[in-house]
Amino acid sequence: MTEQVYLNGEYLPLADAKVSVLDRGFLFGDGVYEVIPAYNGRLFRLDEHIARLNNSLAGIRLPMPQSVADWEAIFQPLLEGDKDQYIYLQITRGYAPKRDHGFPEQVVPTVFAMCSEIKPFAGRFNGIKAVTLDDTRWQLCNIKAITLLANILLRQEALDQGAAEAILVKNGYVSEGAASNLFVVIEGELITPPKNNEILPGITRDVILELAEANGIPYKEDIIALEALQTASEVWVASSTREILPVVELDGTPVGDGKPGPVWQRMDALLQAYKKSLS
Ligand code: PDD
């Protein structure tokens with residue numbers, strides 16, 4: 001079967017989905033995106049993903065009128081069966097007749113969506129290696145912008161060093177991963193940096209904090225100094241596509257005893273049970 005994707009109101013085979021080279025997404029990276037998981041054929045936390053999308057769109061001054069129900073109607077035909085999958089949605093400021101940094105007079109956004117399978121991340125149960133790197137990104141990291149050059153370079157630097165994720169450091173404090181949110185366990189307490197313009201407000205992050213609250217796991221949202229990260233008994237990175245990954249080696253040094261820790265074991269089990277409960 002040819003994979004069907006959505007482009008500007010139409011469903012068509014991936015190979016036939018084309019946009020102009022003058023699209024501002026192509027020329028400027030002028031757009032935003034969302035990654036929305038679906039478990040058992042059902043979109044996960046769609047309201048929250050669309051709320052974040054609307055914040056991103058407002059952040060780049062490209063408001064769109066679609067309701068959550070409108071977006072759901074667009075995504076539903078792309079889902080295949082009940083496997084774990086995710087919708088990738090990208091909205092750009094569209095085609096403009098000439099390359100000019102200022103917004104065009106008439107904006108017709110380009111809207112693209114496709115569906116991909118979520119495969120369990122290799123190393124999930126054994127843990128991953130991570131390295132700390134300077135957070136070289138811009139000051140609006142709360143916007144889920146398609147302009148990901150800094151994130152890409154940081155992730156690739158981590159890969160080149162044999163690690164699966166880069167943990168980003170800004171002014172002596174850790175913010176998040178190149179494509180994930182960050183959690184640490186220090187003296188039994190789960191800590192994640194607070195939401196502000198230095199991190200993407202992750203949906204998985206919210207789910208983890210809700211599960212901690214509901215299950216009596218001590219937690220707080222607080223700034224984390226690099227030295228605190230280095231003393232943590234557990235470090236995790238979390239995202240929609242990789243779920244919660246325990247970091248067992250940081251900058252070549254074991255985290256805790258070098259194995260996924262007990263708080264991760266518990267939280268991962270809670271997340272898996274929560275996903276199952278949604279079917
Ligand atoms: N990225 N922080 C950054 C910088 C991210 O890119 C992501 C996710 C997250 C986690 O957000 P969520 O839990 O809503 O997935 C945090 C997606 C998966 C991506 O770029 O593919």
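1. Basis of the note. This is a predicted model, in which local features need pLDDT of at least 70 and side-chain atom pairs count only at pLDDT 80 or more, while totals for chains, interfaces and linings use all residues. Residues are numbered from 1 along each chain as its sequence is written, and side-chain values use heavy atoms, with hydrogens and water left out.

2. The shell around the ligand. The ligand is surrounded by 20 residues, and the closest are Tyr-33, Arg-52, Glu-176, Thr-204 and Ser-240; a residue is near a molecule or strand if one of its heavy atoms lies within 4 Å of it. At least two residues of this shell come from each of β3 (31-39), β9 (173-177), α5 and β14 (234-239), where helices (H or I, at least four residues) and strands (E, at least two) are DSSP runs numbered from the N terminus.

3. Polar pairs at the ligand. An N or O atom in the side chain of Arg-52 is 2.8 Å from an oxygen atom of the ligand, and a polar backbone atom of Ile-203 is 2.9 Å from an oxygen atom of the ligand. For Lys-144, a polar side-chain atom lies 3.3 Å from a nitrogen atom of the ligand. The ligand taken alone exposes 480 Å², of which the protein buries 89%; accessible areas come from the Shrake-Rupley method with a 1.4 Å probe, and for residues only the protein chains shown count as cover.

4. Helix α5. This helix covers residues 203-214, and at 1.5 Å a residue its 12 residues should span 16 Å, which agrees with the 17 Å between its end C-alpha atoms; the expected span is 1.5 Å times one less than the number of residues. Because 9 of its 12 residues are buried, α5 is largely enclosed by the rest of the structure. Among the buried residues are Ile-203 and Thr-204, together with Arg-205, Asp-206 and Val-207. Here buried means under 20% relative accessible area, exposed over 50%, and partly exposed in between (1.4 Å probe, protein chains only). Just after α5, Gly-216 takes a positive phi of about 70 degrees.

5. Arg-155 belongs to helix α4 (residues 149-160) and is buried, with a relative accessible area of 18%. The side chain of Arg-155 makes a polar contact with the side chain of Glu-165 at 2.9 Å. A polar contact is a pair of N or O atoms within 3.5 Å; within protein, one must be able to donate a hydrogen and the other to accept it, and residues adjacent in sequence count only if both atoms are side-chain atoms.

6. Most residues other than glycine have a negative phi. Asn-8, in the loop between β1 (4-7) and β2 (10-13), has a positive phi near 45 degrees and counts as partly exposed at 43% relative accessibility. Arg-61, in the loop between α2 (46-59) and α3 (68-75), has a positive phi near 60 degrees and counts as exposed at 63% relative accessibility.

7. Distances across the chain. Lys-275, found in helix α7 (residues 262-277), is buried at 9% relative accessibility, and its C-alpha atom is separated by 7.0 Å from that of Tyr-39, 236 residues apart along the chain. Ile-87 lies in strand β5 (residues 85-92) and is buried, with a relative accessible area of 0%; the C-alpha atoms of Ile-87 and Lys-220, 133 residues apart along the chain, are separated by 30 Å.

8. The C-alpha atoms of Lys-98 and Arg-24, 74 residues apart along the chain, are separated by 9.6 Å.
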